[in-house]
Amino acid sequence: MNKSLSIFGLLGLFIIVIVSMSSCSAQNSSSIVLEKAKERRESQEEKEFFEGGLFFNREEQAENKQKQTTLEEKEEVSDDFFDRSFHLVFFGDSLTQGVGDSTGKGGFTPFVKEHYLGKSYIDEVSITNLGVRGNRTNHLLKRLKQPEVQESLQSADVIFMTVGGNDLMKVIRENFLDLNFELFDKEQAEYAERLETVITEVRKNNPDSTIYVVGLFNPFYEFFKEIPEMNEVVSNWNETTVSILEKHPKTSFVPIQELFLDTDENLLDDDQFHPNEKGYQLIGAEIVKHVIEYNEEVLSEENLLQERE
C-alpha cells in the first residue's frame, strides 16, 4: 500500500514538475512575445518621430514623391510632344522678295533656310516671305498694321529684314541733277525716325525673337567709281541703321556693302540694281556667317554672366 502511494506520489510529483515547467515555458514565451511587440512598437514610434519630427518633414516627403511621379511621367512623354519645327520670317523690300534672282527661289532666303535645316535639333523649317518690291520704311509701317503681317511676325522664331534702299533711292530719283550731301543727310535723319518706329512695331508683335537687319550696298559702284561720295552716303546710312539697332536688344546688323566692291564677278541682274543669283548667294552666305558669329557672341556673354554670378 505504502509502495503504491509512493509510486503514485512520485507520479504526481512528476506531473506537477511537468506542468510547472510548461507554465514557466508559457510564461517565458509570453514574456518574449510581449518584449518583441514592445520592441516593434518602440521602433515604429522612433521611425515616426524621425520621419515627422527633426529629421524628415512630411511636406518634403510629399514633394519628393510628387517629383518622382513627375519624372516618371516625363519619361513617358513621346518625342512628338516636342516641337522641332522652325519658322523664319523675311520682311522688307525687293531684296527680301528676291527680285533679280532668275531661279525664282527667293533670293537669299533659301540659303538661310538651309543653314537652319542643318541643325540637329530642327526637323522642319518653314518660311514666310513678306518682301515687296519698292517698299520704303513708310510702306513697312503701313503693312505692320495688317493682321496677316502681324500674325506672321508673331509666329517667327527668327526675323530677317531688308530696309532703307528705296528710301535712299528716293533722294537720287527726286534730285538726280542736283545731288548733294545735305539732301542725303536730311532724308537720312527722317529714315532713322521711321526705322526706329518700324523696329518698335515689329517688337510689339514679337518681343523675343532675334531680328537681323541686312545692310545696304552701292549698286552704282561699277559704273560710277569716279563718284566715291556715293559709297560714303551708303556707309552713313548703314551706320544710322546700326545706331538704331543698338537701342533694341536681340537685334543685329548684317553688313553686305563690301561684297559688291572691287569684285571680278558680275553680281547684279540685268537691271544693274538688284543682285543676280550669285549676288544673292553671297548675301545669303554673309547672313549665315553673321548669324553663327552673333549666336556664339551671345552664348559667350551668357557664360560670362553665369561665371560672374
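The questions and answers below concern a predicted model of a single chain.

Reader: What is the mean pLDDT of the chain, and which residues have zero contacts beyond four places in sequence?
Author: In this predicted model, 71% of the residues reach a pLDDT of 70 or more, and the mean for the chain is 80. Where pLDDT is low, the predicted coordinates should not be read in detail. That caution applies to the stretch where pLDDT stays under 50 and the model has zero contacts beyond four places in sequence, namely residues 1-43.

Reader: Is strand β1 largely enclosed or open, and how many of its residues are buried?
Author: Strand β1 covers residues 85-92, and a residue is called buried when its relative accessible area is under 20%. The strand is largely enclosed by the rest of the structure, because the number of buried residues among its eight is seven.

Reader: Which residue of strand β3 stands opposite V89?
Author: Strand β1 pairs in the parallel sense with strand β2 (residues 124-131) over eight bridges, and in that pairing L88 stands opposite I127. Strand β1 also runs parallel to strand β3 (residues 158-162), to which five bridges join it. In β3, the residue opposite V89 is I159.

Reader: Are the rings of F160 and Y212 stacked or edge-to-face?
Author: This pair is one of nine aromatic pairs in the structure. The ring centres lie 5.2 Å apart and the planes meet at 15 degrees, and because planes under 30 degrees apart count as stacked, the angle decides the class. F160 belongs to strand β3 and Y212 to strand β4 (residues 210-214), so that the pair links parts of the chain 52 residues apart. The pair is therefore stacked.

Reader: Is F160 buried or exposed, and which residues form an aromatic cluster with it?
Author: F160 has a relative accessibility of 1% and therefore counts as buried, and the value of 1% for Y212 places that residue in the buried class as well.

Reader: What is the phi of K250, and what is the phi of Q272?
Author: Most residues other than glycine have a negative phi, and most peptide bonds are trans. K250 lies in the loop between α9 (229-245) and β5 (251-254) and is partly exposed at 42% relative accessibility, while Q272 lies in the loop between β5 and α10 (277-308) and is partly exposed at 29%. Each has a positive phi, that of K250 being near 60 degrees and that of Q272 near 55 degrees.

Definitions and conventions:
Residues numbered from 1 in each chain as written. Predicted model: local features only at pLDDT ≥ 70, side-chain atom pairs only at ≥ 80, totals over all residues. Heavy atoms only, no water. pLDDT = per-residue confidence, 0-100. Contact = heavy atoms within 4.5 Å. Buried < 20%, exposed > 50% of the residue type's maximum accessible area, 1.4 Å probe, protein only. Helix = DSSP H or I, 4+ residues; strand = E, 2+ residues; numbered from the N terminus. Pairing = 2+ DSSP bridges. Phe/Tyr/Trp six-rings, centres within 6.5 Å; stacked < 30°, edge-to-face > 60°.
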